[in-house]
Amino acid sequence: MAKKALITGITGQDGAYLSEFLLSKGYDVYGLARRSSTADVNLTRLKWLGIEKDVQIVDGNLLDLSGLIRSMQEIAPDEVYNLAAQSFVASSWQQPILTGQVTGLGVSNMLEALRIAKPDAHYYQASSSEMYGLVQQPVQSETTPFYPRSPYAVAKLYGHWITVNYRESFNMHASSGILFNHESPLRGIEFVTRKVTDGVARIKLGLEKELRLGNINAKRDWGHAKDYVQAMWLMLQQDIPDDYVVSTGRTTTVREMCEVAFNHVGLNIDDHLVIDPAFFRPAEVDILLGDPSKAKEKLGWSATITMEEMIKEMVEADLKRLS
Ligand code: NDP
Ligand code: GDP
């Protein structure tokens, strides 16, 4: 019998790549998606990977506990990946309550539904390096104290600790992946890497002249989503549930990442980049740099795609999309 996986956030970047990966492993993949009047648009990422017909979409919302319980009862998944969230840091100051409800309390809904309907399922929680925020150590590991700097990060911290708490209280197989930024051609357009690769492609094609960004001195530890979804799966294959940092172990400034994109198409960054105060945040996470040693040691996982390779792939994908 094929194993059954339920993915929340299946319409997002990670949901698409995780679906592709689990299908390749022979899983029956179910995805929770919120109903939308533009359902066809919702499936864009799954269509990009050519797998929209291979997954089974279930109508649901992280805010609706009764629907989650029913879905768990009907599907009886072996593995549950909770990827759904209001995931954009900048929007979390604009929609702080919703972010708390979905990204924070939504995790409680998921864990309660599991506890009631399928307590033996293995559970993955999408925690985030944003929880480190104002970093307390130069290199962040599983033991580094957290200091969240946005409503998003505060909500993720709740999701993280409630996952730990359910593991310890109810002996559930609940693991949390503290994933550092990961990107791909399927990344949302509002995130800085995709905004840059889309912007550079537009400038190259003569559709735009400038690219407007905020704080280009911020540093991030950027990896590829395709690599990172494999770490999620590996966590759920372990005998003992645990928390893992998933990162490349290398950090780069936003400006350096931009230079890779501009250089790739033979353009000079300084001819096009404009700093716009509109994109600065009320509180910034200046630097993130993760220590992936535990994931390497216990899961046998390490990143295989460099930031440079990924940014070039994203620029090429955006050129193709726009041409
Ligand atoms: P995306 O923003 O691409 O996807 C988010 C998903 O959540 C979408 O499918 C969205 O559905 C869904 N969603 C939002 N609100 C609800 C809701 N109320 N009920 C059900 N579904 C909902 O995120 P990513 O794929 O990039 O990230 C996956 C997870 O990993 C997120 O939790 C994110 O916060 C976390 N994470 C991501 C990192 C990254 O660098 N990518 C780093 C660390 C953590 P819809 O299509 O309808 O909007
Ligand atoms: P985050 O780390 O989850 O917030 O991912 P983002 O891709 O949204 O942002 C990464 C970093 O890029 C942050 O430090 C932002 O302040 C910085 N940044 C600079 N300019 C921009 C911009 O125009 N858009 C976004 N999204 N981020 C920007």
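A salt bridge here is a side-chain nitrogen of Lys or Arg within 4 Å of a carboxyl oxygen of Asp or Glu. Keep that in mind.

Now, the ground rules. This is a predicted model, where local features need pLDDT of at least 70, side-chain atom pairs count only at pLDDT 80 or more, and totals for chains, interfaces and linings use all residues. Residues are numbered from 1 along each chain as its sequence is written, chains are lettered from A and ligands numbered from 1 in the order in which they are written, and side-chain values use heavy atoms, without hydrogens or water.

First, the domains. Their bounds come from an automatic or database domain assignment. Domain 1 covers 4-182 + 222-246. Domain 2 covers 189-220 + 250-287 + 305-322. Their C-alpha centres lie 27 Å apart.

Next, the interface. Contact means heavy atoms within 4.5 Å. On that rule, 15 residues of domain 1 touch 22 residues of domain 2. Together the domains bury about 1800 Å². That is the accessible area (1.4 Å probe) that two parts lose on being put together, summed over both. Carbon and sulfur atoms carry 65% of it.

The whole structure has 17. Across the interface there is 1. Arg-220 pairs with Glu-130, and the closest N and O atoms are 3.7 Å apart. Arg-220 is in strand E9 (residues 219-220). Helices (H or I, at least four residues) and strands (E, at least two) are DSSP runs, numbered from the N terminus.

Last, the aromatics. Rings of Phe, Tyr and Trp (its six-membered ring) pair if their centres lie within 6.5 Å; planes under 30 degrees apart are stacked, over 60 edge-to-face, the rest tilted. The search finds 8 pairs. Take Phe-21 and Trp-233: centres 5.6 Å apart, planes at 75 degrees, so edge-to-face. Phe-21 sits in helix H1 (residues 13-24) and Trp-233 in helix H9 (residues 225-236), so this pair ties together parts 212 residues apart in sequence.
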